[in-house]
Amino acid sequence: MDESNEIILQKSKRLTSVVWNYFERVRKADVCYAVCIQCNKKLSGSSNSGTTHLRNHLMRCLKRTNHDMSQLLTPKRRKKENPVTVATIGFDESQQTKDGYIRPKFDQEQRRGEELALSRGSGGVGGGGRFSQERSLVDLARMIILHGYPLSMVDHVGFKVFARNLQPLFEPVGSSTIEETCMEIYVREKQRVQHALSNLYGKINLSVEMWSSRDNANYVCLASHYIDEEWRLQRNVLNFITLDPSHTEDMLSEVIIRCLMEWSLESKLFAVTFDSFSVNDEIVLRVKDHMAQSSQVLINGQLFELRSAAHLLNAIVQDCLEAMRDVIHKIRGSVRYVKSSQSTQARFSEIAQLAGINSEKVLVLDSLTTWNSTYEMLETVLEYKGAFCHLRDHDQAFDSALTDEEWEWTGSVTGYLKLVFEITADFSGNKCPIANVYFAEMCDIHIQLIEWCKNQDSFLSSLAAKMKAKFDEYWNKCSLVLAIAAILDPRFKMKLVEYYYSKIYGSTALDRIKEVSNGVKELLDAYSICSAIGDDSSFSGGSGLGRSGMDSRDRLKGFDKFLHETSQNQNTTSDLDKYLSEPIFPRSGEFNILNYWKVHTPRYPVLSMMARDILGTPMSILGADSAFDSGRPVVDDSKSSLNPDIRQALFCAHDWLSAEAEEVTPLSRQYAQAL
């Protein structure tokens, strides 16, 4: 800058904006400039230009990268600080590791200069503007856990450059250090989850889901499901266990029992939901026997063993796709032929127009890993059936044509898949579907399977029979809890059960409805006894009412039960009868069943206890992002190669931190005081 032609102007009283604390106003000839005291850049300093452009420059000025931006809001003038420069990185070949990796070498003189600048109070992230290595390390570990980044990212040169330029005081750490920090976070978060479960009023449900990896390793994911004191549906992953290669299915009971003991849930468990239909009955029996040692299994265990609805629907779909394997192979060939060249596509479009087909859908091949893409491919192909039949009759090069019978099969099977697709989409569209929403959907599946089995085509009827056999196995285990959950919905009560059972069972419907009614009363009776004698420990592990105020050797507990049983007509059914006798809620508008029971708990104290546990039962355990997957969930390669303990820590902590991230509370708030 030519100082001989520039005059530094004295700031007048009009220059009241705080930005002028960071600019010198100079005049050259008849033009006023504002010169940044950080980088010497000249901007317009005319009174007509305002100060917005000056403030914007300050906020993005590279020389102020590590300055506290809140200083722009205070009038205090700071002296010009030492400039912050971008990190200079070299590579020291003497530091080459066994795998050929050359570690980066930072300019130490540059580092000392930047530390001096930052030590003057212009770039900390901890309390009081001071940088904290420990706090930053925890934040980094939580980021890796929350977003599923590989632990090795801290060894990447690109990450080190980024961290160095963002905060020169941050000491680079290796993957072993970040692994230790992740384990510390896991331990602290586990204690928090344990505290929440131990203080829970109601019961807890357990889900068991098998996972795999590309190297054929097997894992089991165990998660708790419950409704908390605020009547919010909660889910927490408890364990992610790596199964030994010699693992046999009967060992699954040992895994479940160890989980219950580790989390002290033996006396709290209400039901277990499995993802597989091939679970051995001996597995469930062993878990029941272990449960019987510490708590009561309700109504002879009729509600204890459940199956995931989403996994049932996937199993039915796989039966369809397997039966149609050869036909689907020909359909894929037909799509490939049409899309093989632009000329073929153009000719196919002309044929479709001549055939009066006005579909806007585009022929696309399906993905072998997601069955919904196969359904969409079949649905689109059916719309172009006339065009494909024309190709079959007039194009000798087209060798993937379907016969008339195969077209009939395709139409029927696509109709099957359409119903399953729509129900699965409804389930997956709700992040946490509550148990009351499943009864009607599964009844619709049941009714359609009965109709499909009546098909005159032997191929289609045999396929429907195979699908119904799977469904019947599911229905025998889950129909009672599905029906009770529907009854606890004030928009339906017993009426929905009566409506669907008349369609499903015909002449025997009244007997089936009576079984459901008796089951509800028997279950409520168990809760009523618990409430009457003040011994809630058999239901909720000592929380809530608890047995703390009673002598464990009380010889009159039998009398309390006798007194309750002899007064059943006056007390036991009053809660249920009062609920069922009141008008049904209209189905119009939005309805939150958990809010309903939260509000009506004082009116139905015993029934609400039962509703809390029934509605918290996981009727489906397949995540929304994998609802249409054809196989088991798969652990990614970066996690499958880890030590089993750190893999479990990362998997569980990811679930816990993800739930926390959805709340308003910042992720690292609870660690601020600890560090």
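Modeller: Start with relative accessible area: buried is under 20%, exposed over 50%, partly exposed in between (1.4 Å probe, protein chains only). This is a predicted model, where local features need pLDDT of at least 70, side-chain atom pairs pLDDT 80 or more, and totals for chains, interfaces and linings use all residues. Residues are numbered from 1 along each chain, and side-chain values use heavy atoms, without hydrogens and water. Lys454, with a relative accessible area of 52%, is therefore exposed.

Colleague: Which side chain does Lys454 meet in a salt bridge?

Modeller: Side chains of opposite charge can pair when their charged atoms come close. The cut-off for a salt bridge is a Lys or Arg side-chain nitrogen within 4 Å of an Asp or Glu carboxyl oxygen. Lys454 pairs with Glu451 at 3.4 Å, N to O; Glu451 is partly exposed at 43%.

Colleague: How many salt bridges does the structure hold?

Modeller: There are 26. One of them joins Lys598 and Glu230, with closest N and O atoms 3.2 Å apart. This pair links distant parts of the chain, 368 residues apart: Lys598 is in helix α22, Glu230 in the loop between β8 (218-227) and β9 (233-242). Helices (H or I, at least four residues) and strands (E, at least two) are DSSP runs numbered from the N terminus. Lys598 is partly exposed at 39%, as is Glu230 at 38%.

Colleague: Is Ser620 buried or exposed?

Modeller: Ser620 has 16% relative accessibility, so it counts as buried. Ser620 sits in the loop between α23 (605-615) and β12 (634-635).
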